[in-house]
Amino acid sequence: MAMIVAVAPGVASGAYKPTVSDIDPELFRLDESKYLGAKIDPDVILVDEKGSEFAMGDFTDKSAVLVLSYYTCDGACPAFNAELEGLLEEAEALGRVRIGDDVRILTISFDKNDNAMTAAHFKKNMGLSERLEKNWTFATFKNHEDISKFTTKIGFNFFWSPQDRMFYHPNAFIFLSPEGRIVRVMHSSNIEPRDMELAIIDTNFNRLQPSQIIAIAVGLCYSYNYKEGKYGLNYPLFIAVGSLFIGVGAFVYGALKVKKRVKSKEMTA
Amino acid sequence: MKEWIFTTDHKRVGILYLIGSMAAFAVAGLLAMAIRFELTWVGPTLIEADTYNVFLYFHGAAMILGFLIPGLTGFMANYLLPMMIGAHDVAFPRLNALSVWLYWFGIVLALLTFVVPDPPDIMWTGYAPYSTQYSSGNLSFYVFTVHLIGFSSLLGAVNFLCTVIYMRAPGMGWNQINFFVWTILGAFVIQLIFVPVLATAVTLLLLDKYLGTSFFVPSAGGDVLLYENLFWFYSHPAVYVILLPAVGALMEIISTMSKNPIFNYRVAVYGGVWGVVLLGSDVWAHHLYTSGMVDWVRIGMMVTTLIISVPVGLITISLVFTLYKGAIRFNTGMYYAASCLYLILIGGLTGIPLAMSSLTLHLGETYFVMAHFHFIMGMLATFALFASVYHWFPKMTGRMYNEKVGKAGFWLNFIGVNLTFYPLFIIGVEGMPRRYFDYEMFPQFQGSQQLATVGAILVAAGIAVMLINWIYSAISGEKAPNNNPWESASLEWTATASPPGPGNFPQPPEVSADWTPYDYQPRTAS
Amino acid sequence: MNRWMFFIFPVAVVMSAFTLPAEAAGDFQDHTQEFEVVWHHLLWDIGIIGTIFGVISAVFLIKYRRKSPNQVGGGPRFTMAQSLAWGLIPALIFMADDFYLAAQGWKLWIDQRSVPENAMEVQVTGQMWSWNFEYENGATSDNDEGLVVPVGTPVVLRMKSEDVIHSFFIPDFRIKEDLMPGRVTYLWFNPAKIGEHVFTCTEFCGTDHSHMFGKVKIVSKQQFDQWSEAHKS
């Protein structure tokens with residue numbers, strides 16, 4: 001407990017930045033390489049902000065971005081969810097993924113004191129656009145004993161600091177495939193709209209729709225960097241495609257040379 | 001000696017390619033024997049695991065890059081193609097000399113594998129990240145060998161495509177050129193387009209290993225799967241670089257020895273050869289069926305890979321039906337060619353389960369795959385090369401080989417390869433994985449492994465008999481009775497001396513509109 | 001010439017007999033059994049094609065030997081139409097066979113890749129040169145101990161590599177999949193009967209590549225519970 005007390009709250013910024021060195025910042029990162037491919041328990045019953053119950057498995061019949069937050073949080077969580085809102089809208093503006101068709105958003109509270117009312121309040125305060133409003137669910141766990149089971153399974157560590165009267169927890173976007181498996185985990189602070197877009201493409205990659213052909217091509221041009229949690233250009237692919245022209249170019253050069261030679265021979269003959 | 005080193009004559013360049021590729025074949029073959037002896041008993045017996053891996057690497061790399069591709073394109077195209085189309089030489093003779101010496105440097109560099117302290121043990125595929133981050137093997141030898149031999153065949157490709165396009169004998173239309181010439185064209189088009197991709201992929205490996213880049217380092221944004229894709233993007237079409245000239249040569253031999261025109265030449269050329277070239281470039285991912293790619297890529301490539309059976313099937317029909325109503329004369333070359341009709345069946349048909357992603361989930365990376373591609377490359381293509389050397393032996397040397405010894409060598413080889421690879425097919429289906437130094441977990445496979453070793457000994461004896469026959473007959477064989485002992489109708493036999501002098505043709509050949517290289521009907525008019 | 005159709009026709013007839021939807025209903029307990037059926041069909045398929053081509057080749061080679069020194073061949077010369085027919089008809093037959101096989105392979109593939117809902121998940125980690133297994137209930141195991149699974153429950157392996165590419169292969173269940181560094185791959189199988197099966201590595205990974213093996217041990221439910229209690233870390 002002493003350790004937690006020693007931590008100064010970092011509320012203002014979206015990302016959690018510990019100011020005291022005896023708390024391991026890795027504690028608030030999801031270890032992507034360890035939990036990649038983990039399946040979210042489809043039978044967990046959740047309650048949405050309107051008070052109706054649904055199973056996790058019903059929600060993830062499409063790709064989803066999962067965010068774990070709590071609704072009575074007055075600083076970081078709204079800011080973090082707002083960051084996601086901004087990123088999603090900018091990613092959609094790039095024109096290759098559509099909110100609703102390609103991805104839905106689910107925020108779940110890990111605080112057992114939250115309920116449908118606090119969720120509805122939180123959602124209202126976000127002031128979402130109409131489409132996001134329709135495709136973004138703010139949920140709470142129906143059974144409180146599910147919470148720790150759910151979070152430990154994906155390596156999500158959080159704890160309550162009585163002194164600061166707030167939770168310390170990772171701020172991570174968890175990208176789920178339609179099968180309900182973790183495809184990507186991204187931590188806020190350095191994500192750009194393009195990373196968001198590519199992560200959404202990645203979650204859909206196994207389900208080819210002809211209309212997504214451009215999205216898939218874009219997806220191939222980037223590759224994911226685990227250390228930085230970002231996408232980068234897939235250089236070897238470009239170099240290889242470029243090299244396709246070396247041989248053809250050499251042939252065209254050779255052919256022109258022979259042609260000239262044949263012509264000059266015909267002229268002298 | 002000097003005139004061989006500085007030669008620009010396509011025939012001598014061709015012979016140099018043959019000597020180089022047979023040297024690579026001999027070394028890689030001896031290593032194969034060591035590998036076979038090691039596997040004869042369960043447990044480590046003859047060599048250590050690391051040595052075994054180096055041998056395996058060298059056997060694969062040298063057989064494909066040092067023997068098959070240079071043997072079937074370098075030697076055969078160089079020696080035969082200009083004469084078949086009635087040209088006095090290739091379009092760029094000096095470039096041709098450069099490419100054979102680049103190739104020789106490539107083999108020498110590859111052989112240095114056995115001298116350097118940390119020989120590469122990365123298999124001929126060189127998959128990252130083993131090759132870049134974990135193996136102590138000297139990756140640069142692998143990369144520079146690929147570069148030298150790749151550059152050599154790129155030069156060859158430019159050269160021969162230009163030669164065929166611009167230097168055919170006056171009057172020779174596209175439907176009058178030899179089938180073999182078409183297959184060489186197809187093979188070199190593949191080389192031209194795809195070799196640079198392989199060179200690029202291995203160069204990036206080199207940068208990763210020695211300059212600390214992270215093109216294929218998964219923790220730093222590199223993609224391991226991309227290397228596999230780039231590698232096979234070339235290396236699967238490379239199989240057709242080997243297969244096409246092999247069936248081309250077989251078609252020539254079968255047509256000549258049965259005195260029959262090629263069955264359905266047009267379909268075999270435009271459907272078969274060019275079908276293989278077109279489809280063959282869209283099937284590479286069948287090497288990656290178990291590499292964790294998304295499922296729709298695997299399904300898509302399953303369909304394209306299965307469809308490749310159509311052009312290959314058309315070529316096979318032409319090969320077989322060229323015999324129909326023929327007047328077949330059996331010599332050693334024809335023995336090898338006829339056995340290839342059987343090898344292409346076994347090799348081709350065992351490729352069909354491997355085209356299916358769902359069956360490859362079990363069969364992939366087992367002895368079944370290994371036996372399959374040995375049937376195609378180690379036997380069909382290799383036997384086609386041996387058949388060609390026998391068939392064009394009188395042309396190259398002006399002498400006849402010893403028929404009896406040749407046939408004895410053939411039977412040793414033919415029985416040997418079947419004895420070697422049939423048992424391996426069976427234990428492959430039962431689950432014996434490739435590239436295993438030891439098979440402690442499958443002691444029940446020891447009997448089959450031993451049978452295979454017996455077969456390999458027969459093959460070794462057969463190859464020795466064959467090489468002795470070639471060398472002895474080339475030096476002091478019986479003189480060829482005439483310039484055209486097999487009574488072929490193709491230009492390289494009818495219009496040149498044996499062996500041909502400089503410039504090939506005493507008179508520059510000209511062909512009429514109804515001439516074909518397969519016209520065996522006695523002329524009634526004139 | 002038309003009499004050669006006689007040789008190719010049986011292939012088409014036999015092929016269409018196979019495409020009857022006898023197995024299309026597909027009541028296989030698991031993909032391992034289905035594999036056997038598809039493999040069997042395939043062996044018939046390539047066996048028939050191989051026999052036809054083999055017999056034709058052998059007959060030609062024997063029958064059309066040269067009888068006199070000056071004899072020449074009397075093979076057919078085709079008009080363009082005949083030429084096309086001899087190209088298109090075999091092409092269509094091969095294509096039909098290809099699509100028949102592709103359909104079978106596709107169906108099997110779907111079954112191989114569709115993990116049952118009730119599957120037990122085991123995390124497999126490959127490294128040079130050993131395997132580690134982690135169970136949902138916290139039990140752990142390695143290749144010396146073996147992959148212990150309860151009989152009757154489908155098992156899905158979620159696999160990742162610590163270093164180089166490996167490949168997890170269980171010959172008796174007819175499955176393998178590579179472990180790609182930086183990615184997660186999966187496999188599933190149905191341990192229907194109590195027994196032991198070899199698993200091993202099938203992607204070259206260095207010196208001890210051939211010693212990365214162990215046993216899949218299928219035990220009764222009670223035995224599994226006991227075992228996993230004892231192996232919780």
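Predicted model: local features only at pLDDT ≥ 70, side-chain atom pairs only at ≥ 80, totals over all residues.
I began with one ion pair: R174(C) makes a salt bridge with E36(C), and their closest N and O atoms lie 2.5 Å apart.

Next I looked up the domain bounds. The assignment for chain C puts 2-66 + 78-113 in domain 1 and 120-230 in domain 2. I then checked who takes part in the contact. Domain 1 of chain C gives 9 residues, and domain 2 of chain C gives 9 residues.

How many salt bridges cross the interface of domain 1 and domain 2 of chain C? I get 2 by the rule. I also counted polar contacts between these two domains of chain C: 8 residue pairs, with both residues at pLDDT 80 or more.

I turned to the domain 1 side and asked which elements supply it. Helix 2 (31-63) and helix 3 (80-113) of chain C are the elements giving two or more residues to the side that touches domain 2. Helix 2 of chain C has the largest share, with 4 residues. By residue class, I find 1 nonpolar, 4 polar and 4 charged on this domain 1 side.

Last, I looked at area. About 880 Å² is buried between domain 1 and domain 2 of chain C. Carbon and sulfur atoms give 43% of that area. Which residues of domain 1 of chain C lose the most area to domain 2? I note H31(C), T32(C) and R113(C), together 56% of what the domain 1 side buries.

Terms used:
Residues numbered from 1 in each chain as written. Chains lettered and ligands numbered in written order. Heavy atoms only, no water. Domains from an automatic or database assignment. Contact = heavy atoms within 4.5 Å. Buried area = accessible area lost by both parts, 1.4 Å probe. Salt bridge = Lys/Arg side-chain N within 4 Å of Asp/Glu carboxyl O. Polar contact = N/O pair within 3.5 Å; in protein donor to acceptor, adjacent residues only side chain to side chain. Nonpolar A, V, L, I, M, F, W, Y, C, P; charged D, E, K, R; others polar.
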